[in-house]
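I opened my notebook to look up a few things in this structure. Here is what I wrote down as I went.

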Amino acid sequence: MKNVLIVYYTQSGQLEEIARNIAKPLLQDPEVSVTFFNIEMVKPFPFPWKPAQFFDVFPESFLQIPSEIQNPSQDILEQKYDLIILAYQVWYLSPSIPITSFLKSEFGKRLLNNTPVVTVIGCRNMWALAQEKVKKLLKEVNANLVGNIALVDRHINHISVITIVEWMFTGKKEKYLGIFPKPGVSDDEIIGSTKFGNIILNYLKKDSYTNMQAELVANDAVEIRPFLIEMDKKANKMFKIWANTVIKKTNSRPNWLKGFYVYLLIAIWIMSPIVYILHLLTFPLKYARIKKEKKYYKGV
Ligand SMILES: Cc1cc2nc3c(=O)[nH]c(=O)nc-3n(C[C@H](O)[C@H](O)[C@H](O)COP(=O)(O)O)c2cc1C
């Protein structure tokens, strides 16, 4: 018998849908026992978000400051798992606060210790450096990352900015104004993610995850867009300055967050198109580096 724990957090239900579709083949196998752990905050985050609340979680998300989460049941705490599937979303280029909180919790550390982990990301499209932060946290708790699946909004970057913000502020995963595409991970990809469950099941039974990531990637588990990696790196540098500044401003925090909002508008709508043009112009010069990076971020 193999025991699998699926840990997830979700606000809209998207991450849970993804996790449950991946879990299907595991649930159908009589030799596999699957347990779900839905991370719940002691003080829940709002959904839909109000703009001020949405920006207010920026410093703590980015600086990976944990909040209190509800303990899992005693059954979960006492079980040693053969595999943990960790389904998470990205908040401000970092793992969301609920996921950081799980990874830094005492019981999270105990569950993850010496255990193979498959990460499953469901986000807008900027996850690569968040995954580096998750890798570091997993290493710190002696977990063994064996696979990664990253599901994103495949639409043009700026379109997904508009539609995801609308989704987050209304709570409705719908076509904005009837003309924009539906936000987030597409329904087809969510349903199609069962194929990843079949791959994971195969390796779980073999008790070896050698080549699993290559097989996941061959089945479109990870797509790398070099421009997004470039933006992710640049934005991480700026976010670090902003987060470290805002966190110290206890009295004037709302005003600083308004400043951060203006910075974001400028970064997304003015700076990023310029960086994109420069990226295209210098692409041939960076070709070797980009190829190497693509290989790296597709791996685990
Ligand atoms: C506060 C906040 C910040 C976010 N920042 C990012 C981000 O930096 N990169 C990204 O790709 N998606 C980002 N997203 C989108 C989420 O990763 C995710 O796709 C969305 O919240 C839906 O997840 P859910 O399953 O919790 O509903 C952000 C969402 C929220 C609420």
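Is Ser101 buried or exposed? I started there, keeping in mind that this is a predicted model. Ser101 has a relative accessible area of 3%, and under 20% counts as buried, so Ser101 is buried. I found Ser101 in helix H5, which covers residues 97-104. Then I listed what Ser101 touches, skipping residues up to four places away in sequence: Met41, Pro66, Ser67 and Ile69.

**Entry: another residue, Asn157**

With neighbours within four places in sequence left aside, Asn157 is in contact with Arg124, Asn125 and Leu228.

**Entry: helix H1**

Next I went to helix H1, residues 14-28. I noted 15 residues and a reach of 22 Å from the first C-alpha to the last, which is close to the 21 Å expected at 1.5 Å a residue. Where does H1 bend? I found a bend of about 35° at Ile22, and I also noticed a proline, Pro25, following within four residues. I checked which residues of H1 are buried, and the list includes Ile22 and Pro25 themselves. Also buried in H1 are Gln14, Leu15, Ile18, Ala19, Asn21, Ala23 and Leu26.

**Entry: two helices packing**

For a packed pair of helices, I need the angle between their axes and the distance between the axes. I picked helix H7 (residues 128-140) and helix H12 (residues 226-246), and got an angle of about 65° with the axes 8 Å apart. Which residues make the contact? On the H7 side I wrote down Ala128, Leu129 and Lys133, and on the H12 side Ile229, Asp232, Lys233 and Asn236. Sorted by class, the contact has three nonpolar, one polar and three charged residues.

**Entry: aromatic rings**

How many aromatic pairs does a search of the whole structure find? I got 30. I looked up Phe58 and Phe260: their ring centres are 3.8 Å apart and their planes are at 10°, so I logged the pair as stacked. This pair links distant parts of the chain, with Phe58 in helix H3 (residues 58-62) and Phe260 in helix H13 (residues 253-298), 202 residues apart. Phe58 has a relative accessible area of 0%, so I marked Phe58 as buried. Phe260 is buried too, with a relative accessible area of 0%.

Phe260 also turned up in a pair with Trp242. Here the centres are 5.8 Å apart with 65° between the planes, and I wrote this one down as edge-to-face. Trp242 lies in helix H12 and Phe260 in helix H13, so the pair ties together parts that are 18 residues apart in sequence. Trp242 has 17% relative accessibility, and I counted Trp242 as buried.

**Entry: Val217**

My last stop was Val217, in helix H11 (residues 212-218). I looked up how far its C-alpha is from that of Phe196, 21 residues away along the chain, and got 9.8 Å. Leaving aside neighbours within four places in sequence, I found Val217 in contact with Val222 and Lys298.

Technical notes: Residues numbered from 1 in each chain as written. Predicted model: local features only at pLDDT ≥ 70, side-chain atom pairs only at ≥ 80, totals over all residues. Heavy atoms only, no water. Helix = DSSP H or I, 4+ residues; strand = E, 2+ residues; numbered from the N terminus. Expected span 1.5 Å × (residues − 1). Bend = angle between axes of the 7 residues up to and from the residue. Buried < 20%, exposed > 50% of the residue type's maximum accessible area, 1.4 Å probe, protein only. Axes fitted to C-alpha atoms, helices over the stretch in contact; angles between N-to-C directions. Contact = heavy atoms within 4.5 Å. Nonpolar A, V, L, I, M, F, W, Y, C, P; charged D, E, K, R; others polar. Phe/Tyr/Trp six-rings, centres within 6.5 Å; stacked < 30°, edge-to-face > 60°.
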